[in-house]
Amino acid sequence: MTLSRRRPISFRRLALPSVLAFALAACGGGGDAAPTAPSPAPGTPAPAPSLDLATIRTTTEMIVEDSITGAVVAYSHRDHWHGFPVVPSGAAGLPLRLWFSNELRDADDHDIPARRSWFRLDALRDHNVRVVVADTTAARWEGTGSGGRLVSLRANSATLVSFVIRRGTTTLNERPPLNIVLR
Amino acid sequence: MAWAFLRRRALVVAAVIGGSAALAGCEHPIAVVSPHVEAQDLLVRDTSGRLLLRTIDNTTWSDGTLEIPLDDSLPVMIRLVDFRGQEFDLADRSREYSIRMQVENAAAVQWEPRRAMGWLRGFVPGTTRLRVQVWHTDHPDFISPWLTVTVRPRTP
């Protein structure tokens, strides 16, 4: 009977697979990518966002929609806004609906977040948004976290509006100030 | 002996190829960081490419003021000049860069960037100042001197 001699495992044999395993492990550490919602089939209504998507983060974007026409008048994109509301004179003002989205676009991708990713603050308990008008002699906000109206108090002027999203009294997100034009 | 040597070499080659393939297929390669923007000057062009004004050694502007139409927009392209005098566009580089405008009277002028250009909008007639910042993720790589801008109605 012959006994097979087993050679001890060399360092080099261990080292090479270790390097490969390390490379693969490091590959997974690419940060937390924004969640993506599945694309709805053409012609089907957009599904309600999942609970995971309806979460306020520091990167959550805002979409401001004319609540009568449904037109998007402005949407935030990282450090700036696209568009600006024009508030007509009169007590009716400009009725607006506030939407939020966690679809984080690249700095050079200026498209509006996909509508399937939008959610309202109603979906989140204990959350509220403070709408702060910079010049309170020029305009007034009347509304809640889901919507309301901007009313012009001084025609032919302009001011800024900030949106501060809070859970209770904790600020979760503050978008950059939005220019508004008053007629 | 020779067979063992060849087998060891084959193992090394396989490991190198496998590692390279794993990294190449990786969505987030290790430590890919875009360099800071190194620029000497900044140019403001209209969308036809005509030079509207530029900084001189990034201390002053070639022209004293920029006019923005009231209730309208001025489309501009922001370009940079490197230390060899070569003009370049940030849009051709990393997505980590963006152009910001710091406006003294922020209610009067809005900057809306788009890829390779942007719009300056005037909402309140009068004069204010702005400066251009080249933003690199969480800090500015370049800040221009203050530029006086005048918002006035378009002349027919």
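This is a predicted model: local features need pLDDT of at least 70, side-chain atom pairs count only at pLDDT 80 or more; totals for chains, interfaces and linings use all residues.
B:Thr137 lies in the loop of chain B between β10 and β11 (139-143). Check its backbone: phi is positive, about 50 degrees, although the residue is not a glycine. Relative accessibility is 48%, so B:Thr137 counts as partly exposed.

Now jump to A:Asp126. It sits in the chain A loop between β6 (118-119) and β7 (127-133). A:Asp126 counts as exposed because its relative accessibility is 55%, and the cut-off for exposed is over 50%.

**Across the chains**

Next, pick A:Asp108, in the loop between β5 (94-101) and β6 of chain A. Is A:Asp108 buried or exposed? Its relative accessible area is 19%. Buried means under 20%, so A:Asp108 is buried. Show its surroundings. Leaving aside neighbours within four places in sequence, A:Asp108 is in contact with B:Arg95 and B:Arg115. Side-chain polar contacts join A:Asp108 to both: 3.4 Å to B:Arg95 and 2.5 Å to B:Arg115.

**Rings**

The whole structure holds 4 aromatic pairs over all chains. Start with A:Trp81 and A:Phe163, a tilted pair at 5.8 Å centre to centre, with 50 degrees between the planes. A:Trp81 belongs to strand β3 (residues 80-83) and A:Phe163 to strand β10 (residues 157-167) of chain A, so look 82 residues along for the partner. Both A:Trp81 and A:Phe163 are buried.

Then take A:Trp99 and A:Trp118. This pair is tilted, with centres 5.6 Å apart and planes at 50 degrees. A:Trp99 is in strand β5 and A:Trp118 in strand β6 of chain A, 19 residues apart. Both A:Trp99 and A:Trp118 are buried. The charged end of A:Arg120 sits over the A:Trp99 ring, 5.1 Å from its centre.

Switch to chain B for another charge over a ring. The charged end of B:Arg100 sits over B:Trp135, 3.9 Å from the ring centre.

Finish inside. Nonpolar side chains tend to be buried together in soluble globular proteins. The largest nonpolar core has 29 residues, and B:Ile78, B:Leu80 and B:Leu120 have the most contacts inside it. Elements of chain B giving it two or more residues include β1 (41-46), β5 (73-81) and β10 (126-136). Centre on B:Ile78. Beyond its neighbours within four places in sequence, its contacts include B:Leu42, B:Ile99, B:Met101, B:Trp111 and B:Val132. Apart from this core lies another, of 28 residues, among them A:Ala74, A:Leu94, A:Leu121 and A:Ile165.

Methods:
Residues are numbered from 1 along each chain as its sequence is written. Chains are lettered from A and ligands numbered from 1 in the order in which they are written. Side-chain values use heavy atoms; hydrogens and water are left out. A nonpolar core is a set of buried Ala, Val, Leu, Ile, Met, Phe, Trp, Tyr and Cys residues joined through side-chain atoms within 4.5 Å. Buried means under 20% relative accessible area, exposed over 50%, partly exposed in between (1.4 Å probe, protein chains only). Helices (H or I, at least four residues) and strands (E, at least two) are DSSP runs, numbered from the N terminus. Contact means heavy atoms within 4.5 Å. A polar contact is a pair of N or O atoms within 3.5 Å; within protein, one must be able to donate a hydrogen and the other to accept it, and residues adjacent in sequence count only if both atoms are side-chain atoms. Rings of Phe, Tyr and Trp (its six-membered ring) pair if their centres lie within 6.5 Å; planes under 30 degrees apart count as stacked, over 60 as edge-to-face and the rest as tilted. A charge sits over a ring if NZ of Lys or CZ of Arg is within 6 Å of the ring centre and within 35 degrees of the ring normal.
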